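Please keep the sequence and the 3D view at hand while reading.

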Amino acid sequence: MIKVVVAGALGKMGQESCKAIVNAEGMQLAGAVDSRDSGHTIGTYIGKPEVNVTVSGDLEQVIRDVRPDVLVDFTRPGVVQRHIEIAINAGVRPVIGTTGMNAEEIERFVQLASAQRVGGLIAPNFAIGALLMIKFATEAAKFFPHVEIIELHHDQKMDAPSGTAMKTAESIAAVRGHMSQGMPSEFEKIEGVRGGNFEGMRIHSVRLPGFVAHQEVIFGGIGQTLSIRHDSISRESFMPGLILAVRKVMALDHLVYGLENLLFE
Ligand SMILES: NC(=O)C1=CN([C@@H]2O[C@H](COP(=O)(O)OP(=O)(O)OC[C@H]3O[C@@H](n4cnc5c(N)ncnc54)[C@H](OP(=O)(O)O)[C@@H]3O)[C@@H](O)[C@H]2O)C=CC1
Ligand SMILES: O=C(O)C1=N[C@H](C(=O)O)C[C@H](O)C1
C-alpha cells in the first residue's frame with residue numbers, strides 16, 4: 001500500500017485527488033491537510049463517509065502521525081514551498097501540482113531532493129492531453145518559430161501565466177531560442193495588450209467563470225497557421241496522470257520537473 005497525504009484536500013483539486021486516491025488500487029489516503037481545518041472527516045466532503053480521515057491544519061503533525069510515502073500538494077503559491085521542504089526533509093516523496101513557483105525555486109528543490117535522495121515530481125499539468133499538446137507544440141516550433149500561447153482558466157486562479165503555459169514556453173524556447181516576433185516598431189495603446197513576453201513569444205492569460213483549464217498554441221507561417229489546443233473540461237482529466245505519478249515516484253531517488261519525463265521515457 002502506498003500511503004498518501006493530500007495537502008489542500010478541501011480545494012477543487014484536493015477533493016478530486018482524495019477521491020481518486022481512495023479509488024486507486026494499492027493506495028491508501030492516510031491524511032488530509034487543509035487550512036480550512038474543519039475537524040470533519042474528508043469522507044464527508046467527497047461523498048465517501050466510510051473514509052475516516054480527519055482533516056487537519058498541521059502537515060508536520062500528520063506526517064509524524066501517519067508516516068506517509070507520498071505528499072500530494074494542491075495548495076497555492078507561497079504555501080507549497082514550505083510543504084515541499086517539510087516533505088523532503090521528512091523523507092516523504094512530494095508530488096506537486098501547485099503552480100506559480102519560479103525556475104530558481106524549482107531548481108532549489110531538485111537539489112534538496114538529490115541531496116536527501118528523495119524521489120518526487122513537480123508537474124504543472126497532470127492531464128495526459130496537455131502533455132501531448134506541449135510535446136506536439138515543441139515539435140511544431142522547429143518548423144514554425146513564430147508562436148503565441150493563449151491560456152484560458154476559471155477566474156479563481158491565482159497565478160498568471162499558468163504553469164502549463166510556462167512549461168510550454170520553456171519547452172518551445174529550448175528548441176528555437178530567443179526570437180523577436182511581430183513588427184519591431186509595434187506599440188501598445190493599452191499596456192499589456194500584446195501579452196507577456198517570454199523569450200520573444202507572447203503569452204495571453206484569460207480568466208473567466210465557465211472555464212476549467214484550456215490552452216491554444218498558435219503557430220504562424222507563410223500563408224498558413226497551425227493551432228494545437230487542449231481542453232480540460234473537468235478536473236477528472238488530471239487524475240490518471242496524478243495516480244501514475246504517485247506510483248512512479250516510489251521508484252525515484254531524485255525530483256523531476258514535468259510528468260512528461262516519467263510518461264514518455
Ligand atoms: N498540476 C495540475 O495538473 C493542476 C494544478 N493546479 C494547481 O493546483 C493548485 C490548487 O488549485 P485549486 O484546487 O483549483 O485551488 P483551490 O483554491 O480550490 O484549493 C486550494 C486549497 O488549499 C488550501 N490551502 C491554502 N493554504 C493552505 C495551507 N497553508 N495549508 C493547507 N491548505 C491550504 C485552500 O484553503 P483556503 O481556501 O482556506 O485558502 C484550499 O482548500 C493551484 O496552484 C493550481 O494552479 C490545478 C489544477 C491542475
Ligand atoms: O489552476 C488551475 O486550474 C490549473 N492550473 C495548472 C496550471 O497553472 O497550468 C494546470 C491546469 O492548467 C489547471
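Ile-2 lies in strand β1, which spans residues 2–7; strands are DSSP runs of E with at least two residues, helices are DSSP runs of H or I with at least four, and both are numbered from the N terminus. The model is a predicted one, in which local features need pLDDT of at least 70 and side-chain atom pairs count only at pLDDT 80 or more, while totals for chains, interfaces and linings use all residues. Residues are numbered from 1 along each chain as its sequence is written, and chains are lettered from A and ligands numbered from 1 in the order in which they are written.

**The start of the chain**

- Ile-2 is partly exposed because 18 other C-beta atoms lie within 10 Å; a residue is buried with 20 or more other C-beta atoms within 10 Å of its own, exposed with 12 or fewer, and partly exposed in between, the C-beta atoms being placed from the backbone.
- Beyond its neighbours within four places in sequence, Ile-2 is in contact with Gly-26, Met-27, Asp-69, Val-70, Val-246 and Met-250, where contact means that the C-beta atoms of two residues, placed from the backbone, lie within 7 Å.
- Ile-2 and Glu-25 are 23 residues apart along the chain, and their C-alpha atoms are separated by 9.4 Å.

**Overall form**

- The protein has nine helices and twelve strands.
- A compact globule of 265 residues would have a radius of gyration near 18 Å, and the protein agrees with this because its own value is 19 Å; the radius is taken over C-alpha atoms, and the globule rule is 2.2 Å times the number of residues to the power 0.38.
- Along the principal axes, the C-alpha atoms fill a box of roughly 60 × 40 × 30 Å.
- Of the 265 residues, 40% are buried.
- Among contacts with a separation of 6 or more, 69% join residues 24 or more positions apart.

**Two domains**

- The domain assignment gives domain 1 as 2–122 + 236–263 and domain 2 as 128–233; such bounds come from an automatic or database domain assignment.
- The C-alpha centres of domain 1 and domain 2 are 28 Å apart.
- Across the boundary, eleven residues of domain 1 are in contact with ten residues of domain 2.
- On the side of domain 1 that touches domain 2, the elements giving two or more residues are α8 (239–249) and α9 (260–263).
- That side of domain 1 consists of four nonpolar, five polar and two charged residues; Ala, Val, Leu, Ile, Met, Phe, Trp, Tyr, Cys and Pro count as nonpolar, Asp, Glu, Lys and Arg as charged, and the others, Gly among them, as polar.

**Surroundings of ligand 1**

- Ligand 1 is surrounded by 24 residues, of which the closest are Gly-8, Gly-11, Lys-12, Met-13 and Gly-97; a residue is near a molecule if its C-beta atom, placed from the backbone, lies within 6 Å of it.
- Helix α1 (residues 12–23) provides the largest share of this shell, with three residues.
- The shell around ligand 1 holds ten nonpolar, ten polar and four charged residues.

- Around ligand 2 are Thr-99, Pro-124, Asn-125, His-153, Lys-157, Ser-162, Gly-163, Thr-164 and Ala-213.
- By class, the shell around ligand 2 has two nonpolar, six polar and one charged residue.
- An unreviewed UniProt entry lists His-153 and Lys-157 under "active site"; UniProt positions follow the numbering used here, feature names are shortened, and annotations may be inferred rather than shown by experiment.
- His-153 belongs to strand β7 (residues 146–153) and counts as buried because it has 22 C-beta neighbours inside 10 Å.
- Apart from neighbours within four places in sequence, His-153 is in contact with Ser-162, Arg-207, Phe-211 and Ala-213.
- Lys-157 sits in the loop between β7 and α7 (163–176), and Lys-157 is partly exposed because 15 other C-beta atoms lie within 10 Å.
- Under "binding site", the unreviewed UniProt entry lists His-154, Gly-163 and Thr-164.
- Gly-163 is placed in helix α7 and is partly exposed, with 19 other C-beta atoms within 10 Å.
- Not counting residues up to four places away in sequence, Gly-163 touches Thr-99, Gly-100, Pro-124 and Asn-125.
- Thr-164 is also placed in helix α7, and Thr-164 counts as buried because it has 25 C-beta neighbours inside 10 Å.
- Leaving aside neighbours within four places in sequence, Thr-164 is in contact with Pro-124, Asn-125, Ala-130, Glu-151 and Gln-215.
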